[in-house]
Amino acid sequence: MKTFCKKGLRITGTAAAVSAMILFGNMLSGCDDSKNWINDGVKLTVAEEGDLATGKPYKLKSDRHLQELSADHGEVTTVNPVTGENAGANEWFYVFSEENFASYELDADNNVNDGDGAGSSLKDFTETFHATLTDGRTRKVKQNFAVTDPLLPDQWHLYNIGQNPYSVTDAPLKQIDINVIPAWRVILPDEKKQIDGSGVYVAVFDAPVDLNHEDLRDRIYDPGIPDTADFVNIGLPLAKLKENSSVHHGTSVAGITAASAMNKLGGRGLAFNAMLTSFANSAADESLNLGAMLKMDHLNLVNASIGTDLLSYHRQVIWDLYEALFENNIAFIHAQGNEFRAGKATEAKPYSRDTCLKFHADCEYKQTDVKARHPFIIHVGALNSLGVKASYGSTGSNLWVTGFGGEFGADVTDPPGTKSSAAMVTTLTSYDPKEFDDTDKNSPWRTEENKYYTNTMNGTSSAAPSVSGAVALAYQARPDMTVSELRYLLAKTARDDTVMPTLALTPLEADDDTYKEKVTLDYGWQDNAAGYRFSNWYGFGVVDAGALVKAALECDNDPVCAGMKELPEKYVSANENPCAYADDSKRLITCSFSDFKNEDGEALGKTELLADTVTYDVSGMNYLPEGIIEACELAASEEDEETTEHNVARKQAVFDANLLLEITAESGAGTKSLLKPIYANWDYRSGLKVPENDGDDDLPEGFALEPLELATSAFYQEPLKEDPDKKYHLSVKSPCQIDADKLNKTMHLTVYGRRK
């Protein structure tokens, strides 16, 4: 047991020693009879602030000349390891070691014993320095370093040690985070900078971002695009918040990606030096927003935490704009959706069925509007703080990766008896939450000090910007990165169930009462023929920011990555009548594809293409009146302009038929993909109106029901070749008979890829 003293004050015992050191830091001076006394004759001061998490060096100054200075938990040098700057007289640079974070040994109270009675924490850390005097004697010097963003310790998605300031039932599971600290620690020697998002520009396609928020105002970039004042960087008035408090959404999304760091305010974003431009999705047509993005001088990526539920349609002008973003190497990161449990009929979704809830299957099909179906948009699922898919998180064959979305925080009541787990800590608004309906008003986390922030943000709306933050860091590492390279690097570095055991899945099956047989609702994890592991629940896995950044730096040394500088080629199947009935019921159809040609009409021939992505045009899907459910006759009927009752009944019939519709694909290598699972509610061909329709029975100009390309990521990098024994196939199973002639008029397979 040690004894410490200061001006007559005596503190004994290990626990008391820890408290004393944190309280007094380097103010303690030695007793008369001590030789190696704490700070005895040596005083260190912080001349320039650094950062514990990123490893930004602190510049320290000693009040006397020292032969040498070392530290127990970090590196001390006379040359700044980032900038190369030489320290001045009696100056040193100190970097808190990355290994301190790698161990995850901090406990939930943010304290750990370093073996010498000093406390370390996410909020502050007391380092023990060893100073060698000019006469060879050594002295121990204690120095406290505080975290410069007070809410950073609450952001479990950045660094998860099981902290629980939110008072949730199930505290975050240690090590379930985005692994961003290794990314922040990367030094770019040519720029003499660390990875922090510098030089990267992000569009936030969402509700308007609060431009005056204290942790965002320094991150706002005005692109100066003419005629966009109504929807670009329009800000968030208090009156809008009072009308609808959920419009803080865009501000919260922006904070996850790029809230400022080291400013003694709030928390921080992953790419805390990236620049943000707000595009208000509700203030202008989608085409105007996308067109303006394409006019920006600087734009690397778009985050879109928005989506369309049960509203399937095609709009060619929008498809072409997303194509242009891809061709201009602007990544589009899209939230997959939060409808996994959305089976119960509501006023907004009166035709939905809840069979899905019985089997814990996905309740809603998400490949609806253009942004949900475009094959080069990066669709993001959500992970919670316990390391499993978030309860609400939508799934699908079009998913690419999973980000961090959390759950609902301490205030959770649905379903009854649900244990609570953490949501996300991020920016809220610049207004006092007493002036509007505060989302955190019932949270034990809410204090006066954090009133401009929230700990209840969640959804794939949170997961997408966590991925966007990691992607922004990768763009800084590789500024000329193509979208194809990015997709490859995300797939390559994502963590699957072999790395994160919490992601384990088994195939999900059910005994269906209609088909009178066992049906598969999810395949679980599968390894495709190219060696990529994929699931509809997680895509290729959970994003790893550290691995992503390091892989981006090594792209030129990776033959696959280096081969993705050019746009992929596009080949479309041209064989006539690819689909046929598989049996006499006419409810099961199989399609096979061949005679692939590119956009110039050139045949694939003996060329072998490695797939970037594949899509199937199913817009010819039409029901016939016969089947094994009563709804078939109505589902096959046309809308009647004169009879509302008929149209309502028809919509329900189409929903009921679609509910039991299953679409599965198989690659030439034998990998299977569940494009549309049974029990997922889907509106296609139900006659539901798009918002711009204004109640008119006909689709507005520019909107169509075909083509309807459905995508799968499961066949990534698998080969396509003209081989009669290795054809790509599609199977459609329905409770109603299917019109094969109409299906054949549109059905084709499109493969985007590169020659092997």
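Residues are termed buried when their relative accessible area is under 20%, exposed when it is over 50% and partly exposed in between (1.4 Å probe, protein chains only). The structure is a predicted model, in which local features need pLDDT of at least 70 and side-chain atom pairs count only at pLDDT 80 or more, whereas totals for chains, interfaces and linings use all residues. Residues are numbered from 1 along each chain as its sequence is written, and side-chain values use heavy atoms, with hydrogens and water left out.

Helix α5 spans residues 249-258 and is mostly covered, 10 of its 10 residues being buried; helices (H or I, at least four residues) and strands (E, at least two) are DSSP runs, numbered from the N terminus. The buried residues of α5 include His-249, Ser-252 and Ile-256, and their cover, counted by contact (heavy atoms within 4.5 Å), includes the strands β14 (201-206), β15 (275-280), β16 (301-304), β20 (424-427) and β21 (453-457) together with the helix α10 (460-477).

Ser-573 lies in strand β26 (residues 569-573) and counts as buried because its relative accessibility is 10%. When residues up to four places away in sequence are not counted, Ser-573 touches Phe-593, Ser-594, Asp-595, Phe-596, His-748 and Leu-749.

A search of the whole structure finds 36 salt bridges, each defined as a side-chain nitrogen of Lys or Arg within 4 Å of a carboxyl oxygen of Asp or Glu. In one of these, Glu-85 is joined to Lys-59, with the closest N and O atoms 2.8 Å apart. This pair links distant parts of the chain, 26 residues apart, since Glu-85 is in the loop between β6 (74-77) and β7 (91-96) while Lys-59 is in strand β4 (residues 58-62). Glu-85 is partly exposed at a relative accessible area of 31%, whereas Lys-59, at 8%, counts as buried.

A salt bridge is also formed by the side chains of Glu-517 and Lys-733 (2.9 Å, N to O). Here strand β23 (residues 517-522), which holds Glu-517, is linked to strand β36 (residues 728-733), which holds Lys-733, the two residues being 216 residues apart. Glu-517 is partly exposed, with a relative accessible area of 36%, and Lys-733 is buried, with a value of 15%. Between Glu-448 and Lys-451, the salt bridge has an N to O distance of 2.7 Å; Glu-448 is partly exposed at 43% relative accessibility, while Lys-451 is buried at 14%.
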